Amino acid sequence: MDQRRIRNFSIIAHIDHGKSTLADRILELTDTVTGREMRAQVLDTMELERERGITIKAQAVRVTWKGHELNLIDTPGHVDFTYEVSRSLQACEGALLVVDAAQGTEAQTVANAYLAIENDLEIVPVVNKIDLPQADPDGAAAEIAELVGDDPGHVLRISAKTGEGIAEVLDALAERIPPPAGDAEAPARALVFDSSYDQYRGVVAFVRVVDGSFKAREPLRAMAQGTRFECEEVGFFSPTMQAAEALGAGEVGYVITGLKDVSRLRVGDTLTSEQRPAAEPLPGYKDVKPMVFAGLFPTDSDEYPELRDALERLKLNDAALFYEPETSQALGFGFRCGFLGLLHMEIVRERLEREFDLDLIVTAPNVAYRVLTKGGEEVEVHNPAEMPREVERVEEPYIKASIIVPKDYVGPVMELNTERRGRFDHMEYLSEERVLLVYELPLGEIVLDYYDQLKSRTRGYASFDYDLVGFREGKLERVDVLIAGEPVDALSLIVHRDGAYARGRALVDRLREEIPRQFFDVAVQAAIGSRVIARETIKAKRKDVLAKCYGGDISRKRKLLERQKAGKKRMKQVGAVEVPQEAFLAVLNLDGSKK
Amino acid sequence: MSGARHLYVHLPFCASRCGYCDFVTVVGRNGQHGAYVDALLTELELERGALAPRLESVFLGGGTPTVTEPRELERLLRALPAAEEVTVEANPETVTPDLAALLRDSGVTRVSLGAQTFQPRLLEMLERRATPDEVRAAVGTLRAAGCDNVSLDLIYGIPGQSTTDLDDDLAEALALGPEHLSCYELEAKPGTRFTHAHGVELERQVEALETYFERVVARLTEAGYRWYETANFCRSPQLVDGRDLRSRHNLAYWRGRDYLGLGIGAVSTIAGSRLRTTPRLGLYLAALGNGERPPREVEPLGGEVRRFERVLLGLRLDEPLSLEGLAGAVDPAALERLERLGLVERGAAGEVLALTERGRFLGGGVTAELLA
């Protein structure tokens, strides 16, 4: 294909604003799939994606339209995958910016639109769902035009559901988006914007060829990581895999690498030919590090090997997932896992439970801390229980948060952010009604229940997005919990000094409710070092008998006792105290207990 | 196997159903008493092979055995095998001089009266028909007929029952000088009308009620009663010329003995199996009308289950449980832990096990922990 007739684009849209439906319509109208093959939302392959209506894995589909080759590069739709989104956008020259005619722009749309503008993409603004009775196409068009600095009359108005305006969208893509630059004669370079693992063919890289061309049986190298492999096949998706002779400059497609581990070929890396390597990789590669950590433990300790195997399998397809074995004296053997963010964590947990049928205890999430010890050693701490007692300095990750709310909720959002140690950055009116608030916040204040709080304090209207902005020093303390004098590693948490007392108190109160009374008094304490900051006593039980044993129906009584025993088995033994598994989740929603 | 020496006979008929009750009962159907007694006697003949030649105890429970037509009740009692202890359960309002004489003349040695409480408003809540006066009168009537072994059932933990109410109930009961007392905490059993109406209230007062059990035990032991089983008390032998007033029938359950149960919903444990007769009156009458056994659920009791039950039942008593043959049923680590907590004691070179007084108050939980 003539490079001048290639158009590479992404669709930027908030969850539910109709990205997948629009992609389906484009495939239909360009005869890429026949009606018979069409199933709703062809591009979202995983069961989970389909159910949650979000896209985890990017894919690229080639369609043809009036003599043009259009490559639709699907982007992950969530805050945790900002880096992946930025790589997908880098593979494009243009983007369809889709906004729901009834909802208007959302924080995530704004963030990704800015990302697209920073990448010099030609933006094609689209207002979708104009068929809805509550649609306000003019209002939404004005908002989106304001956002991208365009003329509202230039905004396309469509309904992906009914198919209205889809042809115009395809025309606009062909007309407005520039063809890819890049030198067909230069040493080959391709950007890896995603990858997935196929159990028969190994790692499949999704690439955008920038310079030169790639063909099968060529030795290749990933420039940032230095991984070498022989290319087994190149091709493109239409929408299924179609092998091709070669992928030329400007084209989008796949490379079958035969590699057995996605972590050896990271998103953002540059592929080049071993025979005639490029001098410089493409810019922008980052080694993405997990920022949110939690312990994952099998509820039934016999399931540890299954959990290990399941994590191994997930890791094949998820380079950002990190895990290492962890032993907790309270929860037994499990793994400390690192995630890009909360949604990533949630997705991994759900896949483990759903696809691998595991029953898990997930401890309260925490962030990565950079610690300078008194001894002058720098360490990264992923688990509160491992925070050294004597520290010189602790740094925690900060984010820049963008929150869009109707103006009536600005007050509650500001209040929440202040409680969470937020620093106000600025505020903009997106329209008369809607306000964008930008704050800097410690990520550690977000991971627990920030999003739930934000939603509940704004009656669900707030939309939220964030970007990591780096590590900053914080006055952080490690709060330990002791049950009957025994420290419980799985309940340790790291909190800001000013909130330590309140958190310790809330945690102790919560545990007193969660831990059933035992045969003896049980002290529950929160402590910083050796200083106890909160204490409660769970009074010993005074009575525990099975009542009437009547008419010789002993089986019934036995079953009651067997049930009681089974209940005990589900408890975790902390010293002499039986602690129900729910108690380990008490830290997850401490604010909830105050109300 | 020499056969069961204990016989339970279920008489399901009641004048009305109490809201908290989840036993197998039948209200009305007065015309069927005769047919039911016929069926019981047919069943007795069918099962006679399971009984020992001499019985230690017969227990007629309900329902309300004493609402059975007197003529039919008498016919049944006279046809049942003799035993050293023959108990009949009775509701106070049914105890007339005629009934008392009937029982006495038909070989009944022990009457268990469902008193439950002496507070009119609490009786009403339980939907009991007897008034406190009727309870007192019933004891008098039985005594006048010569009954020298009367047991009273009390229920505590009724919604709205204060400690004063409880103390008053215990004092009232003691004033009647019963040989035996059974004191049960009210249970909100799932599916009963009572649970529907008062379950939330019961749930709410759980903690407040926690001391009631201790209070019951303290009052009754002070008054010279032996706390011989978790919920059962009898006058101490030294106060009654050495008479052992424990219920022989219930002791048999707690000691893991075999027993035969007759009637709808009745349970038997015979030679390693537990049998549960259909609770449906129609099915029961039809089968026995044809001279056939009524439908029964059969639950084979494996060795492990039997050892489990021996421990669970045996530890309810105030006598030490012999561990002979129970190896493997008790978790040694749990035993050691519970001993350290002062809840369990081992005696006679570790061969017997008993709960301490505190252990008995926590008997359910302690047993659950102790069982391997």
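Why does Ala523(A) count as partly exposed?

**Ala523 of chain A**

In this predicted model, Ala523(A) has 15 C-beta neighbours inside 10 Å, and therefore counts as partly exposed.

Ala523(A) is part of strand S31 of chain A, which covers residues 522-528. When neighbours within four places in sequence are left aside, Ala523(A) is in contact with Ala484(A), Gly485(A), Arg535(A) and Thr537(A). Lys539(A) is 16 residues from Ala523(A) in sequence, and their C-alpha atoms are 8.6 Å apart.

**Overall make-up of chain B**

Chain B has 372 residues, of which 46% are buried. Its secondary structure consists of 14 helices and 17 strands. Of the contacts in chain B with a separation of 6 or more, 69% are between residues 24 or more positions apart.

**Strand S7 of chain B and its partners**

Strand S7 of chain B spans residues 150-156 and is mostly covered, with six of its seven residues buried. One of its partners is strand S6 (residues 110-116) of chain B: S6 and S7(B) pair in the parallel sense over five bridges. In this pairing Gly114(B) is found opposite Asp153(B) of S7(B).

S7(B) is also joined to S8(B), by six bridges, and these two strands run parallel. Here Leu152(B) has Leu181(B), in S8(B), as its bridge partner. Together with helix H6 (residues 163-175) of chain B, S7(B) and S8(B) make a β-α-β unit that is right-handed.

**Where chain B touches chain A**

The contact between the chains involves 36 residues of chain B and 23 residues of chain A. On the chain B side, at least two residues each come from strand S1 (6-11), strand S8 (180-185), helix H8 (212-222), strand S12 (267-270), helix H11 (303-314) and helix H14 (363-370). The largest share is that of H14(B), which supplies six residues. By type, the residues on this side of chain B are 17 nonpolar, 10 polar and nine charged.

How values were computed. Residues numbered from 1 in each chain as written. Chains lettered and ligands numbered in written order. Predicted model: local features only at pLDDT ≥ 70, side-chain atom pairs only at ≥ 80, totals over all residues. Contact = placed C-beta atoms within 7 Å. Helix = DSSP H or I, 4+ residues; strand = E, 2+ residues; numbered from the N terminus. Nonpolar A, V, L, I, M, F, W, Y, C, P; charged D, E, K, R; others polar. Buried ≥ 20, exposed ≤ 12 C-beta atoms within 10 Å, placed from the backbone. Pairing = 2+ DSSP bridges. Right-handed = clockwise from strand over helix to strand, strands pointing away.
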